[in-house]
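Work through the exercises below with the sequence and the model open. Try each task before you read its solution.

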Amino acid sequence: MTDGRRAHLDGWAVASLLLCAALWGVNQSASKVAVAEIPPLLQAALRSTGAALLLGLFTLVRRIDLRPRGNATATVRGGLLAGALFALEFGCIFVGLQYTSASRMAVFIYLAPFFVALGMPFIAPGETLRGRQLAGLLLAFAGVAAAFGDSFSGHAPANPHQWWGDTLGVMAAALWAGTTLTIRATPLSSAPAEQTLMYQLVVSALLLGGATLATGEGWPHHASVLAWGSLVFQTVVVTFASYLLWFWLVRHYPATQISSFTLLTPIFGLAAGVGLLGEPLTPRLVLALVAVVGGIALVSRRRRPG
């Protein structure tokens, strides 16, 4: 494959995006399981630290030069900003999971494509969404919201602080979109995916590690094998492998089109919750999946020339 930016999604991109969505959907349940035994900020810091070490080994074996090229100052500034946003995003997610359910958190996190769509015209006018694509995003989000409609039925939640977890989920979505826009608006847009990810992992490991110490989170001496296994999965498969693939996709394909695929993640998340968390499988899932696939088809549909 060449290094140039593609104008539209191809088969490789679609398959990769579906894989990322599936892994991130499972990750929501895995995070919920682990956060019950491993403090949230510590868990996020360990994820970033472990993934950074893996990425460092990966770049050494493949002899990838991570030194900034071209405008080094602008690249470093972009990397520091992306890393800070990355740290804040996952801080919000893991702390929020203490107050709200994995299903609700998934709904709010994947508002990110809307924030990307709103911000992208300011840095890449050519990626402005047209009416059909906006309709696709709305349709896909409506499907996701329908899948979790029972969570918004108006009944008093079991956790009176659930609103705080929901708010942190919305904040995480905005921060995720900010990371995507930062990558596109800085020299990171042409940097190797490994360099982009390393900035985020190292900066977030330092910031989250500092936050862990500042809040006095203790080491989990009695965490179960399941909790540690969940952390290993999040570190190796999600934070290292899938994010490396994601940032490569951000570099080579239109961000508004690839971001729309993240709306599939709550569907995968609900399916994973059936097996991992014992959540019920309802007909709403099937209806939501149809709406999401239809919405993605509208967003990804090629424009006619002229």
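This is a predicted model: local features need pLDDT of at least 70, side-chain atom pairs count only at pLDDT 80 or more; totals for chains, interfaces and linings use all residues.

Residues are numbered from 1 along each chain as its sequence is written, and side-chain values use heavy atoms, with hydrogens and water left out.

**Exercise 1. The whole chain**

State how many helices and strands the protein chain has, and what percentage of its residues count as buried.

Step 1. Helices (H or I, at least four residues) and strands (E, at least two) are DSSP runs, numbered from the N terminus.
Step 2. By that rule the protein chain has 12 helices and zero strands.
Step 3. Buried means under 20% relative accessible area, exposed over 50%, and partly exposed in between (1.4 Å probe, protein chains only).
Step 4. Of the 306 residues of the chain, 52% count as buried.

**Exercise 2. Helix α4**

Decide how many of the residues of helix α4 (residues 102-109) are buried.

Step 1. List the buried residues of α4: Ala-102, Ser-103, Arg-104, Met-105, Ala-106, Val-107, Phe-108 and Ile-109.
Step 2. Eight of the eight residues of α4 are buried, so this helix is largely enclosed by the rest of the structure.

**Exercise 3. A salt bridge**

Name the two residues whose side chains meet in a salt bridge, and give the distance from N to O.

Step 1. A salt bridge is a side-chain nitrogen of Lys or Arg within 4 Å of a carboxyl oxygen of Asp or Glu.
Step 2. The count by this rule comes to one.
Step 3. The side chains that meet are those of Arg-67 and Asp-65, at 3.1 Å, N to O.
Step 4. Arg-67, at 59% relative accessibility, counts as exposed, while Asp-65, at 31%, counts as partly exposed.

**Exercise 4. The largest cavity**

Describe the largest cavity by its volume, its lining and the elements that supply the lining.

Step 1. On a 1 Å grid over the protein atoms alone, a cavity is a set of points where a 1.4 Å probe fits but cannot get out, and a pocket is an open set with protein on both sides within 12 Å along at least five of seven lines; lining residues have an atom within 4 Å of a point.
Step 2. Grid points are joined across faces, edges and corners, and a volume is the space filled by probe spheres set on the points.
Step 3. There are two cavities of 30 Å³ or more, and the largest cavity holds about 180 Å³ of space.
Step 4. Its lining has 18 residues, and those nearest the centre are Trp-24, Glu-89, Phe-90, Trp-176 and Tyr-243.
Step 5. Two or more lining residues come from each of α1 (11-35), α3 (72-96), α7 (162-185) and α9 (225-252), and α3 gives the most, with five residues.

**Exercise 5. The second largest pocket**

Give the volume of the second largest pocket, and name the element with the largest share of its lining.

Step 1. About 280 Å³ of space lies in this pocket.
Step 2. The lining has 14 residues, and Arg-62, Ala-193, Glu-194, Leu-244 and Trp-248 are the closest to the centre.
Step 3. α8 (193-215) and α9 each supply at least two lining residues, and the largest share, five residues, comes from α9.
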